[in-house]
Amino acid sequence: MTDSTSTVDVPGYKAGTWVLDPSHSEVTFSLRHMMISKVRGEFGVKSATIEAPENPLEAKVTASVDATSISTNDENRDKHLRSADFFDVEKYPTITFVGTGFDILDAETVNVTGDLTIKDVTRSITIPLAYQGEAKDPFGNDRIGFEGQVQVSRQEFG
């Protein structure tokens, strides 16, 4: 990881506060079911914010997901996933991620390391984020897109 006291030049980097656009964001998952098929689903994204100072290595990221919103297109399975057997959403309705460090790999990719908390269990994970581009929306607002994927073991979170 690069020393956070030095400034790094990252093409396309823009300082400021960036807030998630829920209508263009998603948290999806895929997992093996009984080792014979894949189950795909999604969570509703509650919020995400990136505070981007002049030095990209000092950026802060926080995100939260609504665990109660889990959907796999099977209501019985979704009820079971919301139960105490899995996410226990009555007790733990939110999944959170708080960034603790950044490693800029190149002009297109940054690794974001942070603390993922599910059911009051916190584990450090690293999410490689690929820059997808930027544009102005029809209202003149700057938009920047990133895409990432990470593998998480359910057993590590109880």
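Predicted model: local features only at pLDDT ≥ 70, side-chain atom pairs only at ≥ 80, totals over all residues.

**Overall fold.** I counted 1 helix and 8 strands in the protein. Along the sequence I read the pattern β-β-β-β-α-β-β-β-β. I looked up the extent too, and the C-alpha trace spans about 50 × 40 × 30 Å along its principal axes.

**β6 with β7.** I went to strand β6 (residues 109-118) and found it paired with strand β7 (residues 121-136), antiparallel, over 10 bridges. D115 stands opposite S124 in β7. This hairpin has 2 residues between the strands, and there K119 takes a positive phi near 55°.

**β7 with β8.** β7 also pairs with strand β8 (residues 142-148), again in the antiparallel sense, over 7 bridges. I looked up E134 and found I144 in β8 as its bridge partner. Here 5 residues lie between the strands, and G140 has a positive phi near 85°.

**Core.** Which residues have the most contacts inside the largest nonpolar core? I noted F43, F87, I95, F97, F102 and L116, in a core of 21 residues. β4 (60-71), β5 (94-104), β6 and β7 each supply at least two residues of this core. Over the whole protein, 26% of the 158 residues count as buried.

**Surface and charge.** My charge tally was 15 positive and 25 negative side chains, and the centres of the two sets lie 8 Å apart.

Note on methods: Residues numbered from 1 in each chain as written. Heavy atoms only, no water. Pairing = 2+ DSSP bridges. Helix = DSSP H or I, 4+ residues; strand = E, 2+ residues; numbered from the N terminus. Core = buried A, V, L, I, M, F, W, Y, C linked by side-chain atoms within 4.5 Å. Buried < 20%, exposed > 50% of the residue type's maximum accessible area, 1.4 Å probe, protein only. Lys, Arg positive; Asp, Glu negative; His and termini not counted. Charge placed at Lys NZ, Arg CZ, Asp CG, Glu CD.
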